[in-house]
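Here are a few exercises to work through with the model open. Try each task before you read its solution.

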Amino acid sequence: MSFLQTANKVFENEIAALTRLQDRLDEKFNQACELMLHCEGKVVVCGMGKSGHIGNKIAATLASTGTPSFFMHPGEANHGDLGMLASGDVFIGISNSGETQELTSLLPVIKRKGIPTIAITNNDASSLAKHADVALNIQVTKEACSLGLAPTTSTTSTLVLGDALAVALLEAKGFTADDFALSHPGGSLGKRLLLTVDDIMARDDELPIVLETASVTEALFEISNKGLGMTGVVDAQQQLLGVFTDGDLRRALDKHIDIHHSIVTEVMTKGSITIEQHKLAVDALNVMQQHKINALFVVDADRHPVGAIKMHTLLKAGVV
């Protein structure tokens, strides 16, 4: 038998098991979701061995999608970590057999604490299922392993069931992309949804600005000193009239304009594209891409320049 043939058999086995699980979802799934939705504390997930690895991932998915959760190792729980479990929590126990000793030994204490319990198991007659408030059966008849021993299909079904619970709760809570970003500040999505123009813009002494009466030469010195490839041009009230860029200089030279005796307003780009400082950094990126520019000024409500941002800054910040 080729490797591909074996792989296809594994896929077929696990897909069939997931289809059966989907077809047999019932009111118990709703009951489990209700318990978790109204949980006043945290959802504590517990499992041993491969079930523990899956439980760890389920807890992480719940936590990142708006349901406070953590994984508790049953072995450690038997030696003190059960103190992590508090009133108001919901307990999820995962065991294919439903008879994992490290897990079942916790049940009397969990019951005494009055903590609602959800079982994810493959055996409705098991100790774990019988002592649970809600028992979810993954209903796996055969592992994908040719020996029928290694947890494969059972762990996949458990993982998908955990994903279903997490997403159902996410939608019930109205969890948004902004909420997701708050729990992923280090990820690319977090940066795109949390980072504002004000967080990364050049400001104060870094800001290239000249008066409308400045010469082109003075404007070039300002561009060179501030290193943004442009300078803003303002009137006496410090309102932005336009920008003068490297591109404007090239166009002036092409027209044979005497830059040594011209003022900057003769060659600047009038009514330049701007953005407000409270906007997201990704909004600045979209504006630059839309208008095919590499930098833009940040202005307040009165069109006073308060900052500047360039494409390189967005690249360094990880927004691009």
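**Exercise 1.** Work out which hand the crossing of α1 and α8 has, and describe how the two helices pack.

*Solution.* The crossing of α1 and α8 is right-handed. Keep in mind that this is a predicted model.

Step one: get the geometry. Helix α1 covers residues 3-23 and helix α8 covers residues 153-173; their axes come within 10 Å and cross at roughly 45°.

Roughly parallel needs an angle under 35 degrees, and roughly perpendicular runs from 65 to 115, so α1 is oblique to α8.

Step three: list the contact. From α1 come N13, E14, A17, L18 and L21, and from α8 come T153, T156, S157, V160 and L161.

Step four: sort those residues.

**Exercise 2.** Now do the packing of α3 and α8: what is the angle, and how far apart are the axes?

*Solution.* Start with the numbers: α3 (residues 50-64) packs on α8 at about 15°, and the axes are 9 Å apart. Angles under 35 degrees count as roughly parallel, so α3 and α8 are roughly parallel to each other. The crossing of α3 and α8 is right-handed.

Next, the residues. On α3, the contact uses K50, I54, K57, I58, T61 and L62, while α8 brings T155, T158, L159, G162, D163, A166 and L169. The contact of α3 with α8 splits into six nonpolar, four polar and three charged residues.

**Exercise 3.** Count up: how many disulfides does the structure hold?

*Solution.* The count is zero. Take C33 as a check: the nearest cysteine sulfur belongs to C39 and is 13 Å away, whereas a disulfide needs the two sulfurs within 2.5 Å.

While you're there, look at accessibility, where buried means under 20%. C33 has a relative accessible area of 11%, so C33 is buried. C145 comes out at 16%, so C145 is buried too.

**Exercise 4.** Look at the backbone of D204 and Q238: where does each residue sit, and is each one buried or exposed?

*Solution.* Recall that most residues other than glycine have a negative phi. D204 has a positive phi, near 50°, and Q238 has a positive phi of about 65°.

Then place them. D204 lies in the loop between α11 (197-200) and β6 (209-211). Q238 lies in the loop between β7 (230-234) and β8 (240-245).

Last, accessibility: at 62%, D204 is exposed, and at 39%, Q238 is partly exposed.

Methods: Residues are numbered from 1 along each chain as its sequence is written. This is a predicted model: local features need pLDDT of at least 70, side-chain atom pairs count only at pLDDT 80 or more; totals for chains, interfaces and linings use all residues. Side-chain values use heavy atoms; hydrogens and water are left out. Buried means under 20% relative accessible area, exposed over 50%, partly exposed in between (1.4 Å probe, protein chains only). Axes are lines fitted to C-alpha atoms, for helices over the stretch in contact, and angles run from 0 to 180 degrees between N-to-C directions. Helices (H or I, at least four residues) and strands (E, at least two) are DSSP runs, numbered from the N terminus. Angles under 35 degrees count as roughly parallel, over 145 as roughly antiparallel, 65 to 115 as roughly perpendicular and the rest as oblique. A crossing is left-handed if the near helix is turned anticlockwise from the far one by less than a right angle, and right-handed if clockwise. Contact means heavy atoms within 4.5 Å. Ala, Val, Leu, Ile, Met, Phe, Trp, Tyr, Cys and Pro count as nonpolar, Asp, Glu, Lys and Arg as charged, and the others, Gly among them, as polar.
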